[in-house]
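Dear colleague,

Please find below the structure that I am handing over to you. My notes on what was found in it follow directly after.

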Amino acid sequence: MCAVRQAAVRRKVQDLQARVVALRAEVAILEEQIEVIDTEVEELRVRAVVSETPLAVKEHAEAVRHAELAHRARQENLDQIARTEIERDQLLAEIAVETAS
């Protein structure tokens, strides 16, 4: 691998690693939010069962949708982390093979 190509690959690896770090930070934030949201969903579920009012049922349904979106966002970030780490590791392997040659 020529020096220019190797430098470009190293920059790409650094960019991918920075992306992984940023995604992990987003996941940590989402996990904190999910904990709060899930608690709220449970409280609203109990309120909906106890009060049996249309408003309480609606509030619970909205909270459930919000929780589902947060869980989905967390999973999408985790999937993106996995894809990014695979790409990063492939580039690192490419560098290692070229360096060993």
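**Findings**

Leaving aside neighbours within four places in sequence, T84 is in contact with L16, R19, V20 and L23. T84 has its place in helix 2 and is buried, with a relative accessible area of 3%. The C-alpha atoms of T84 and R10 are separated by 15 Å, the two residues being 74 apart along the chain. Please note that this is a predicted model, and that every value in this message was computed from it.

**Overall form**

The protein chain has two helices and zero strands. Its radius of gyration is 22 Å, well over the 13 Å that the globule rule gives for 101 residues, so the chain is more spread out than a compact globule. The C-alpha trace spans about 70 × 15 × 15 Å along its principal axes.

Helix 1 covers residues 3–51 and helix 2 covers residues 54–100. Among contacts with a separation of 6 or more, 78% are accounted for by residues 24 or more positions apart. Of the 101 residues, 24% count as buried. The accessible surface comes to about 7000 Å², and 57% of that surface belongs to carbon and sulfur atoms.

- R88 is placed in helix 2 and counts as buried at 13% relative accessibility. Not counting residues up to four places away in sequence, R88 touches V13, L16, Q17 and V20.
- Apart from neighbours within four places in sequence, A67 is in contact with I37, D38 and V41. A67 and Q33 are 34 residues apart in sequence, and the distance between them is 9.1 Å, C-alpha to C-alpha.
- H60 also has its place in helix 2. With neighbours within four places in sequence left aside, the contacts of H60 are V41, L44, R45 and A48. H60 and R88 are 28 residues apart in sequence and 42 Å apart in space, C-alpha to C-alpha.

**Charges and salt bridges**

The protein chain carries 14 positive and 20 negative charges, and the mean positions of the two sets are 6 Å apart. Side chains of opposite charge can pair when their charged atoms come close. With a side-chain nitrogen of Lys or Arg required to be within 4 Å of a carboxyl oxygen of Asp or Glu, the count comes to seven salt bridges. Three of them are described here.

What separation in sequence does the salt bridge between E85 and R24 span? The side chains of these two residues meet at 2.3 Å, N to O. E85 lies in helix 2 and R24 in helix 1, so the pair ties together parts that are 61 residues apart in sequence. R24 is partly exposed, with a relative accessible area of 42%.

The side chains of E31 and R74 meet in a salt bridge with an N to O distance of 3.0 Å. Here E31 lies in helix 1 and R74 in helix 2, so this pair ties together parts that are 43 residues apart in sequence. E31 is partly exposed at a relative accessible area of 37%, and R74 counts as partly exposed at 24% relative accessibility.

The salt bridge between K58 and E62 has an N to O distance of 3.9 Å. K58 and E62 both lie in helix 2, four residues apart, which is about one turn of the helix. E62 counts as partly exposed, at 38% relative accessibility.

Most residues other than glycine have a negative phi. E52 counts as exposed, at 66% relative accessibility.

With kind regards

Note on methods: Residues are numbered from 1 along each chain as its sequence is written. This is a predicted model: local features need pLDDT of at least 70, side-chain atom pairs count only at pLDDT 80 or more; totals for chains, interfaces and linings use all residues. Side-chain values use heavy atoms; hydrogens and water are left out. The radius of gyration is taken over C-alpha atoms; the globule rule is 2.2 Å times the number of residues to the power 0.38. Buried means under 20% relative accessible area, exposed over 50%, partly exposed in between (1.4 Å probe, protein chains only). Contact means heavy atoms within 4.5 Å. Accessible areas come from the Shrake-Rupley method with a 1.4 Å probe; for residues, only the protein chains shown count as cover. Lys and Arg count as positive and Asp and Glu as negative; His and the chain ends are not counted. The place of a charge is taken as NZ of Lys, CZ of Arg, CG of Asp or CD of Glu.
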